[in-house]
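My entries follow the model.

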Amino acid sequence: MRDSLIQAYLPLVIWVGLGAGLGRFLPAALPQRLGRGLYWVGIPLEIFALARQTHFARDTGLAPLYTVIALGLGLALALAGLAVVRSLPFADPAYPMVRDAPKAESMSPDQLANLPLQANTSTMTWADKPRQGSFVLAAMLGNTGFIGLAIVPTLVSGPYLGWAVFYSVTQNVVGTYGLGVYLASWFGRGTHAQSRWQQLRDVVTVPSLWAFGLGSASQTWAWPPLVEDALHQSVWLVIPVALVLMGLRLSQLQGWSSLKLALVPATLKVLVLPTTVGAVALGAGLPRDAVLVLVLMSGMPSAFAGLILAEEYDLDRELVAASIALSTGGLLLTIPLWLLVLG
């Protein structure tokens, strides 16, 4: 287990640390551009390579089903946790927000990128729907693309590696760009509610979905060894870039006094949800390798996509950002637990 942990942690610490260090000197707009590049090119390329080179198990088709189950469990736990937090008499009523921030509509994209996370958010309480929406998204959606597909292949081998790919694609389509958009629109206070046609368009144009389909279909195609090797090596190029992006985003976080308010959604995301998913999967009689993949993927940190949705639908950005930071740190503590129990 020690070797597995070193393999998983070393790139995470090195590349995230590098991104956090460089974040002070690089343009503040770079993470957004880097994220779009990964969204449209990097992650689809990684999924294409994994889908093409992974020999799926006979019952791999169960992976999307259990991903949907995990999303449902995540939503139920998030709503239950939100109800508990709102009932606490000592719950902090509001974050210390920047009150005299310039209007977003009068600023350029680069100026918006340099704006502190809390500058566009007015003081909120737990009675405000935007804060509630951020809580739910942070506790439900996981970073299965950037972080999950960077870590799980170092801990799992064999046919059940395909479950990780299926999990990531299914969560992106059903979770982030389906249920996540709906919830953000429901809790949001902006005017960005999308029509059903727009939501359907967003789903069918997810590049990772097309990459997975093409990668699976191309397994029967014979390619030159040089191309196959380049495709395989591209995965190990995308992973460091994604982890550097994570460090860049974390370096932009401000308002650390609000971290205590993100403790509950972060705990739900990296500890309670994977424990529940693992119990369900073991109860269903799944092989331990499959259960390990489901537990690892469901226990990934809160998704960066939650921050994107928070910005788009005017949710509580600070709560999402703090949850990302806390759940990422929590991941370092929970991976040894899952390997000890299921490895």
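Which backbone oxygen lies 2.5 Å from a polar atom of the side chain of T154? I looked it up: the backbone oxygen belongs to I151. I count a polar contact as a pair of N or O atoms within 3.5 Å; within protein, one must be able to donate a hydrogen and the other to accept it, and residues adjacent in sequence count only if both atoms are side-chain atoms.

Ground rules. I am working on a predicted model, where local features need pLDDT of at least 70 and side-chain atom pairs pLDDT 80 or more, while totals for chains, interfaces and linings use all residues. I number residues from 1 along each chain as its sequence is written, and side-chain values use heavy atoms, without hydrogens and water.

Entry: T154. I place T154 in helix α6, residues 144–155. Helices here are DSSP runs (H or I, at least four residues; strands are E, at least two), numbered from the N terminus. T154 counts as buried because its relative accessibility is 18%. The classes are buried under 20% relative accessible area, exposed over 50%, and partly exposed in between (1.4 Å probe, protein chains only). Leaving out residues up to four places away in sequence, I find T154 touching Q7 and A8. Contact means heavy atoms within 4.5 Å.

Entry: whole chain. I list 14 helices and 0 strands. Of the 343 residues, 51% are buried. Among contacts with a separation of 6 or more, 88% are between residues 24 or more positions apart.

Entry: D314. I find D314 in the loop between α13 (304–312) and α14. D314 is not a glycine, yet its phi is positive, about 60 degrees. Its relative accessibility is 27%, so D314 counts as partly exposed.

Entry: α11 and α14. I took helix α11 (residues 263–283) and helix α14 (residues 317–342): their axes come within 8 Å and cross at roughly 30 degrees. Therefore α11 is roughly parallel to α14. Angles under 35 degrees count as roughly parallel, over 145 as roughly antiparallel, 65 to 115 as roughly perpendicular and the rest as oblique. I note a right-handed crossing for α11 and α14.

What meets what? On the α11 side I list residues including L263, P265, V270 and L282; on the α14 side, L326, L337, W338 and L342 are among them. The residues of this contact divide into 11 nonpolar, 4 polar and no charged.

Note on methods
Axes are lines fitted to C-alpha atoms, for helices over the stretch in contact, and angles run from 0 to 180 degrees between N-to-C directions. A crossing is left-handed if the near helix is turned anticlockwise from the far one by less than a right angle, and right-handed if clockwise. Ala, Val, Leu, Ile, Met, Phe, Trp, Tyr, Cys and Pro count as nonpolar, Asp, Glu, Lys and Arg as charged, and the others, Gly among them, as polar.
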